Amino acid sequence: MEGGVCKLLNISQKKEIVERLSAQLAGAEITILFDYKGLDVLKMTELRAKLRDAGVQIEVVKNTLLTRAAQGSDSALMQDLYKGPNAIVISADDPVAPAKILVDFAKDNDKLEIKAGTLAGKILSVEEITQLAKMPSKEELLTKLVCTLNAVPTSFVTVVSGVPRAFVNVLSAIKDQKEAA
């Protein structure tokens, strides 16, 4: 909500926004702050859809409300950057997905400026967010883990079944030798 819209809210509505946002920020694994100034409605709608599809929330809220909501969460580390038109991306599950989406979107839309992020009690620079975006997603890592775990028993079964197979081959060779003699 931008400056003019937020002024129309009464105190109870502002408190409700702060409480809701505070709960989201408290449960966040990663938050990323960015400046959306210059993005038109179509681009913002496109960005929101991409984030929503990844299970990531985006909030555009007045900086004073964001400052209050961030108290006691990792996002408070970015308070110095709460200037100008900001949006904050919040992910409770996958820290890589929002970074990938924002970094990719910023490549095509130079108006989007990533400011900083927070992860595990640490503030992330733009470079660190870019590096995070290059990592495999949580789903990709889980898939690799399952494949690795599946490969171990398969290899074990192959090795173990090789012993009886070799023994049968030896017995067959001995039988063929005796029949030939």
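Leu112 touches Phe34, Asp35, Leu39, Leu47, Leu102, Phe105 and Ala106, leaving aside residues up to four places away in sequence; contact means heavy atoms within 4.5 Å. This is a predicted model, in which local features need pLDDT of at least 70, side-chain atom pairs count only at pLDDT 80 or more, and totals for chains, interfaces and linings use all residues. Residues are numbered from 1 along each chain as its sequence is written, and side-chain values use heavy atoms, with hydrogens and water left out.

**Nonpolar cores**
- The largest nonpolar core has 25 residues, of which Ile32, Phe34, Leu47, Ile58, Val89, Leu102 and Leu112 touch the most other members.
- Two or more residues of this core come from each of β1 (30-35), α3, β2 (57-60), β3 (86-91), α5 and α6 (126-133).
- Helix α5 gives the largest share of this core, six residues.
- A second, separate core of 17 residues includes Leu25, Leu33, Leu66 and Ala70.
- A nonpolar core is a set of buried (under 20% relative accessible area, 1.4 Å probe, protein chains only) Ala, Val, Leu, Ile, Met, Phe, Trp, Tyr and Cys residues joined through side-chain atoms within 4.5 Å.

**Packing of α3 and α5**
- Helices α3 (residues 41-53) and α5 (residues 96-108) pack at an angle of about 155 degrees, and their axes are 10 Å apart.
- The two helices α3 and α5 are therefore roughly antiparallel to each other (angles over 145 degrees count as such).
- From α3, Lys43, Glu46, Leu47, Lys50 and Leu51 make the contact, and from α5, Pro98, Ile101, Leu102 and Phe105.
- By class, this contact of α3 with α5 has six nonpolar, three charged and no polar residues.

Technical notes: Axes fitted to C-alpha atoms, helices over the stretch in contact; angles between N-to-C directions. Helix = DSSP H or I, 4+ residues; strand = E, 2+ residues; numbered from the N terminus. Parallel < 35°, antiparallel > 145°, perpendicular 65-115°, else oblique. Nonpolar A, V, L, I, M, F, W, Y, C, P; charged D, E, K, R; others polar. Buried < 20%, exposed > 50% of the residue type's maximum accessible area, 1.4 Å probe, protein only.
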